[in-house]
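Subject: Structure handover

Hello,

Here is the structure you will be working with. My notes on the ligands, the annotated positions and the domains follow below.

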Amino acid sequence: MINVSIIGATGYVGVELMRLLHEHPEVEIKDLVSKSSAGQLLIDIYPQFRGSKLNDQKLIALKDFKAEASDLIFTALPHGVSQDIVAELYGKGPKIIDLSGDFRYQDVDIYEEWYGFEHRHPELVKEAVYGLVELNRSKIKNANLVANPGCYVTASLLALLPLINFKKADPYSIIIDAKSGVSGAGRSLKENLLFTETHNSMKAYSPGVHRHGSEIEYILNQYLKGSYTENKIYDSKVTVDSSNLEKEKNRVEVLFTPHLVPIKRGILATIYLDLKEASSAAEILEIYQQAYNQEEFVQVLADKLPEIKNIAGSNFAQIGFKYDQRTNKIIIVSVIDNMLKGAAGQAVQNMNLIFGFAENIGLKSTALFP
Ligand SMILES: NC(=O)C1=CN([C@@H]2O[C@H](COP(=O)(O)OP(=O)(O)OC[C@H]3O[C@@H](n4cnc5c(N)ncnc54)[C@H](OP(=O)(O)O)[C@@H]3O)[C@@H](O)[C@H]2O)C=CC1
Ligand SMILES: CC(=O)N[C@@H](CCC(=O)OP(=O)(O)O)C(=O)O
């Protein structure tokens, strides 16, 4: 058994972590740290935990939190806020899995450019291991600080990584059109997230300038530069044709536009990728199957396109595609639950890896359907 604490406990990711962890057979929930609700009973804020192991659990303030008593801390805080709290806790003993964007870039300059403020703990950035399990499993196992990936980023990278090494793919052609449920924006009060503003409507936002576009591009380029070579799952028999790539430039560019859709949870990313020469659906399917046939949480659909209703409430990602012979493009569709594979589920998968538990413990639920 390990002792696990959550900081930022009453946010959407915090409550999803509690839901997964209070049933996890290897976990004892130690402290739930909250800025807004310290001193209150958890069940007064989230009555769904009535009658559970957390029935009598009180939320506590950060000043009363003894980090040393935990083996692992999840920080589920807004970016910018998280980095200072992680810096305060790092080195006190527990491993840390940070759900924010603060430690996802090894290059502080890129973080500062996209997040618009200074990183106050650049020394810690070097300690952080990017927490996309399917990409970085061996490094995560020994990490003291894991940077859990962004939700749109997880859906996009799982779809793109197997194809990015495909010598027929044009890495400058990637267009990602992604849709997210409203829980992706968190629980804080914002006028544009009110029911009346979001229900029965859809909108695009931040086209080309959303920070997750930069995270997708950054990780794909890091991958092509060899940062993740210890993990072979994406190195299929095809290899990148580096002769066509400009050395000084990023090898991959993506155009990313997110959309807000009137559902509570789930992300669907539709991704367009040009090919430089003709391929076939069978060749592309083989690449995906090679990448994911050992992966429990990534399911490749051979002859269907995935839908959010089939993964919402679960830690599964589903990927389908169509090879369009006429235009020589691949259209890939990738779905995840933003709160699970996109956040809390992935974080628990990381925890399982670090502590040597089976990767799927606490994560076996199928989708909530209907
Ligand atoms: N929602 C999603 O689908 C995903 C979210 N993430 C990331 O995970 C982190 C948590 O997200 P989410 O739970 O959705 O966000 P919420 O806004 O729902 O929760 C964040 C929580 O952080 C705590 N907090 C502590 N200090 C502050 C502060 N100064 N300002 C605001 N909140 C503070 C609050 O909880 P308390 O008062 O209890 O301390 C708050 O509820 C974020 O970095 C987010 O970007 C990543 C992937 C997906
Ligand atoms: C629908 C919605 O608003 N989604 C959020 C997702 C951001 C998020 O969760 O941010 P990190 O994963 O980088 O921490 C947004 O677009 O800002």
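**Ligand 2**

The residues surrounding ligand 2 are H79, S100, G101, G150, C151, S180, G184, A185, P258 and L260. Please keep in mind that this is a predicted model. Sorted by class, the shell around ligand 2 holds 6 polar and 4 nonpolar residues, and no charged ones. Domain 1 (2-148 + 343-354) and domain 2 (152-336) each contribute at least three residues to that shell.

**C151**

C151, one of the residues around ligand 2, carries the UniProt annotation "active site", which comes from an unreviewed entry. C151 is part of helix α7, which covers residues 151-164. Is C151 buried or exposed? There are 29 C-beta neighbours inside 10 Å, and 20 or more are needed to count as buried, so C151 is classed as buried. Leaving out residues up to four places away in sequence, C151 touches S180, G184, I267, N338, G342 and A343. Of these contacts, S180 and G184 are also listed around ligand 2.

**Ligand 1**

The shell around ligand 1 has 29 residues, and those that come nearest are G11, S34, S36, S100 and G186. S100 is also among the residues that surround ligand 2. Helix α1 (residues 12-21) provides the largest share of the ligand 1 shell, with 3 residues. By class, this shell has 16 polar, 11 nonpolar and 2 charged residues. Ligand 1 lies between domain 1 (2-148 + 343-354) and domain 2 (152-336), because both give residues to its shell.

The contact between them involves 19 residues from domain 1 and 20 residues from domain 2. On the domain 1 side, α4 (108-115), α6 (133-141) and α11 (344-354) each supply at least two residues. The most comes from α6, with 6 residues. This side of domain 1 is made up of 8 nonpolar, 7 polar and 4 charged residues.

Separately, the unreviewed UniProt entry annotates residues 3-143 as "domain: Semialdehyde dehydrogenase NAD-binding". That span is 31% helix and 18% strand, and its end C-alpha atoms lie 17 Å apart.

Regards

Technical notes
Residues numbered from 1 in each chain as written. Chains lettered and ligands numbered in written order. Predicted model: local features only at pLDDT ≥ 70, side-chain atom pairs only at ≥ 80, totals over all residues. Near = placed C-beta within 6 Å. Helix = DSSP H or I, 4+ residues; strand = E, 2+ residues; numbered from the N terminus. Nonpolar A, V, L, I, M, F, W, Y, C, P; charged D, E, K, R; others polar. Domains from an automatic or database assignment. UniProt positions renumbered as here; feature names shortened; annotations may be inferred. Buried ≥ 20, exposed ≤ 12 C-beta atoms within 10 Å, placed from the backbone. Contact = placed C-beta atoms within 7 Å.
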